[in-house]
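Please read the explanation below alongside the sequence and the 3D view.

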Amino acid sequence: MKTYLLAVLACVIALPIAWKLDAPSSCFLLAAMASSLYGGRGPGYLTALVSSILFDLFFLLPRFHFFHSHESYLRLAVFIAAMVLATELIAARRLAEESLRQTQAKLAQATQIATISEFSASVIHEISQPLSAMVANGQTCVRWLSTDPPNLANAQSAAERIVRDGKDAGGIIQGLRSLFRRSPPEKTPFDLRPIVTEVVSLIRGRAEREKITVEVQLPKDLPKIIGDRLQLQQVLMNLVLNGMESMRTVTDRPKTLEIHSREQDGMVLTEIRDQGVGIADFEKVFDAFFTTKEDGMGMGLSICKSIIEAHEGRLWGSPGSMTGTVFSFAIPCATEERE
């Protein structure tokens, strides 16, 4: 109702101005445009109706005459057509803007849902690895305790691995809390070689079962790097497991997994080479939810890339020289000042 009253008020204001300037078409058209912009199609048409009546009574109808000349009919028709056209154009623009706002709102909502889904999937992926290791080590501990006599030494080692995996899971949760607080990774200088050795020891049993030869080349003078030790261990473990997974169906050639590290241009470059089935699209492989595995979530490489980039490094993939894939990541060397 307020917009309709303002439409009538616009006509009342336009009338004396049009009379003073002797420009009725421009003034009434301006009133109609203002009413349409503010109130929409309804107030715009009301302004057009009132303006047409005022235009006819005050500017077209000759004094003491009740009938129009042919020229006056033509001017009135043109005036009404211009008012209607202006009202429709402005209404169409308002409708398009409203549609655009609704589309943007839906897009923002879809983006929020996708972000929540991506984060939930990453949490599941990161927590599932240490939990699976804890279950496996728990079963191993029970098996050693069930022998007669119980093998307490091996059982104790399995129990210690359970404790270690539990601490890793706790570290991941702590990292997620830091993410919510927008805290940077806890970077300290450390040697990459013990991490590689530990990862290899963790996957050695599976590698033997799947007949995979693991080759490691780490120079003794490999410089230290700056980073979060636990996060970079997760990256290395993820890349190694991906390499082993890619060789699961290979039967026509030896299965070899190589881990090489060296210094290059102030960075420590680490390469994980496999003889697996290879990857067809290296541009999409780091996208979230992109996976070539039937039971994969497509989050591992996306998380790895985020971790490496948070360490001011770079992670990329490339085809192997003959077969398979090479995943490489480079982390800045620790400088003496940082140490």
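Helix α1 (residues 2–21) supplies the largest share of a nonpolar patch, 7 residues. Helices and strands here are DSSP runs numbered from the N terminus (H or I, at least four residues, for helices; E, at least two, for strands). The patch lies on the surface and consists of L6, V8, L9, V12, I13, I17, L21 and Y38, with about 720 Å² of accessible area together. V8 is one of the patch members found in α1. A patch takes residues with over 30% relative accessible area and no salt bridge, joining nonpolar side chains (Val, Leu, Ile, Met, Phe, Trp, Tyr) within 5 Å and like charges within 9 Å. Accessible areas come from the Shrake-Rupley method with a 1.4 Å probe, and for residues only the protein chains shown count as cover.

The model is predicted: local features need pLDDT of at least 70 and side-chain atom pairs pLDDT 80 or more, while totals for chains, interfaces and linings use all residues. Residues are numbered from 1 along each chain as its sequence is written, and side-chain values use heavy atoms, without hydrogens and water.

Helix α7 (residues 229–246) packs against helix α6 (residues 192–209) at about 35°, with the axes 10 Å apart. Axes are lines fitted to C-alpha atoms, for helices over the stretch in contact, and angles run from 0 to 180 degrees between N-to-C directions. Contacts (heavy atoms within 4.5 Å) include L202 and R206 on α6, and L236 and V240 on α7. By class, this contact has 12 nonpolar, 1 polar and 4 charged residues. Ala, Val, Leu, Ile, Met, Phe, Trp, Tyr, Cys and Pro count as nonpolar, Asp, Glu, Lys and Arg as charged, and the others, Gly among them, as polar.

Helix α7 also meets helix α8 (residues 300–310), where the axes come within 10 Å and cross at roughly 145°. On the α7 side the contact includes L232, V235 and L239, and on the α8 side C304 and I308. This contact has 7 nonpolar, 5 polar and no charged residues.

Side chains of opposite charge can pair when their charged atoms come close. The count is 13 salt bridges, each a side-chain nitrogen of Lys or Arg within 4 Å of a carboxyl oxygen of Asp or Glu. One of them joins E98 and R101 at 2.6 Å, N to O. Both residues lie in helix α4 (residues 70–146), 3 residues apart, about one turn of the helix.

Most residues other than glycine have a negative phi, and most peptide bonds are trans. K211 has a positive phi of about 60°, and the D148 to P149 peptide bond is cis.
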